[in-house]
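Please keep the structure in view while reading.

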There are 2 protein chains.
Amino acid sequence: MSAFDLDGYLKERRVLVDAALDRLLPPEPTPPPTVHRAMRYSVLAGGKRLRPILVIAGAEAVGGAAQTVMPTACALELIHTYSLIHDDLPAMDNDDYRRGRLTNHKVFGDAMAILAGDALLTLAFRLIAENAALVKDPRVIRDVVAEIADAAGTGGMVGGQVVDIESEGQAVTVETLEYIHIHKTAALIRGSLRAGVRLAGGDGAAVAAISDAGQSLGLAFQIVDDILDVEGSLEVLGKTAGSDERKQKATYPALHGIEASRREARRLIEETKSRLAVFGGRSAPLCALADYVVERKS
Amino acid sequence: MSAFDLDGYLKERRVLVDAALDRLLPPEPTPPPTVHRAMRYSVLAGGKRLRPILVIAGAEAVGGAAQTVMPTACALELIHTYSLIHDDLPAMDNDDYRRGRLTNHKVFGDAMAILAGDALLTLAFRLIAENAALVKDPRVIRDVVAEIADAAGTGGMVGGQVVDIESEGQAVTVETLEYIHIHKTAALIRGSLRAGVRLAGGDGAAVAAISDAGQSLGLAFQIVDDILDVEGSLEVLGKTAGSDERKQKATYPALHGIEASRREARRLIEETKSRLAVFGGRSAPLCALADYVVERKS
């Protein structure tokens, strides 16, 4: 393990991200209050803030500062949260708990949960546009909007979600499972890193390197998520454990077993770190984060 | 009435917009096919293409050409269509027909309809970003992304939808009804015009003038929509008539009566046209379109 103080690093950035999210989300009393309450309920419920921290760490890997990418970092958390709100709906995964509290629709009703999700996705792109004021070359905003849209759309997150839902209760091939993981989870994780590098002025080679690292990191992250769903508890996870098996979801452990899944996750993390080597010491936080991804318990 | 050939104008632009939508939406076989089929089903079901044509007419009002704003014109149609797909869901308005055919969830199921809507909203911002390649000053893309996000979010369309849903079955004040109309409908109509003017290089004064015109046009449009819901039929409207009353929706005719509603729509259209006067002959299509908005039967 690295000597890098990851706990301190994560805590410091989480505080910055939480403060920015609180500032950038419309205050509760802003009309119409219900939808703003619903948006804030799910976004400010805590969470690891992994995607925003990846935007920041991506920027830092090429010498950028957290504050210059903060609106986009928050945008990624809004997109992640909107996807959770919609995924949890009765028409989708029908989950009651998320981040240790009742899911959005359980509190605000299905209609408001749908609208709160829509509003978070919309606000995300507004925040990326706002980031123009903080970067040297505002033309890069165009690329970030396009890439985040690709990572979140049918060629990315939504596409993975579609295949995930369509595969429930089906015998799933190794290829389909990899498709789901790469699209549902890895695309947005990679997109976060790419956005950070781009906004901080990284060149094409830096974007390509971070992109490869993001792909293996994202895959490892989802494999560990699957393992935790088998082994975890509501208390630790903040969501109902064992839900993948109950819903007959395609998962890595179901297809390959727990031990092979652990090995594959570790292999992907080593691959991630070797792909980060070109950034030298500036990628120390990302390397430590990669180790954390396989070692985490929630 | 104006001597301008509005029918020819609308037909020509509708053909351009339909071709562009067909080109810009992922083809059906692109994986995962189901969601692309669902997206195309609702977007390519026809429709007036009012918002795209307003983007184009806005550009033309300051001397711009249709093709230079086409990706954004399509983006506005995607946002409009996503909002219809989500509004029609059982958890929301629970409608069975739209644009003369079964609603999206009736064909593809609730989960796919939610995801198709999410994907259309996401793709819309991707298309606005793509528009950068077609304009003189690509920095304007930042403003268009921000303004369309505002027009579509809780300060615009989603906000109007929230209050609309919360007002069902309630006694609604004149102020609340105006809030719903301005946000649910006028915001995106105004946003379409503003985007067209901005992308075509219009200055601050032009943006302000088109904005005022868009506000009154949007209000008139929604009042006429309410009137048509009382007087129309499924055959002409392509959606179930009388649904506002059945759902105890707040409408202009319910509050003010049909005759007063017609008068107010006509007054707003005169206001729209006087606000368009600064654009001279270049706003002839928009003036004719404004007349059409009150005279239309569907």
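The copies meet through the same surface, because 100% of the interface residues of chain A are also interface residues in chain B. Contact here means that the C-beta atoms of two residues, placed from the backbone, lie within 7 Å. This is a predicted model, in which local features need pLDDT of at least 70, side-chain atom pairs count only at pLDDT 80 or more, and totals for chains, interfaces and linings use all residues. Residues are numbered from 1 along each chain as its sequence is written, while chains are lettered from A and ligands numbered from 1 in the order in which they are written.

**Interface**

- Chain A gives 41 residues to the contact, and chain B gives 41 residues.
- On the side of chain A that touches chain B, two or more residues come from each of helix H2 (33-43), helix H6 (110-130), helix H7 (140-152) and helix H8 (157-167) of chain A. Helices (H or I, at least four residues) and strands (E, at least two) are DSSP runs, numbered from the N terminus.
- H6(A) supplies the largest share of that side, 13 residues.
- By type, that side of chain A holds 25 nonpolar, eight polar and eight charged residues. Nonpolar covers Ala, Val, Leu, Ile, Met, Phe, Trp, Tyr, Cys and Pro; charged covers Asp, Glu, Lys and Arg; the others, Gly among them, are polar.

**Fold and confidence**

- Chain A contains 15 helices and two strands.
- Its C-alpha atoms fill a box of roughly 50 × 50 × 35 Å along the principal axes.
- Of the 298 residues in chain A, 56% are buried. A residue is buried if 20 or more other C-beta atoms lie within 10 Å of its own, exposed if 12 or fewer, and partly exposed in between, with C-beta atoms placed from the backbone.
- The average pLDDT of chain A is 94, and 96% of the residues score at least 70; pLDDT is the predictor's confidence in each residue, from 0 to 100.
- The model has an ipTM of 0.96 and a pTM of 0.96.

**Helix H8 of chain B**

- Helix H8 (residues 157-167) of chain B is mostly covered, with nine of its 11 residues buried.
- Among the buried residues of H8(B) are B:Met157, B:Gln161 and B:Asp164.
- The buried residues of H8(B) pack against H2 and H6 of chain A, and against helix H4 (70-88), helix H7 (140-152) and helix H9 (174-199) of chain B.

**A:Ile227**

- A:Ile227 lies in helix H10 (residues 204-231) of chain A.
- A:Ile227 counts as partly exposed because it has 18 C-beta neighbours inside 10 Å.
- Not counting residues up to four places away in sequence, A:Ile227 touches A:Pro253, A:Ile258, A:Ser261 and A:Arg262.
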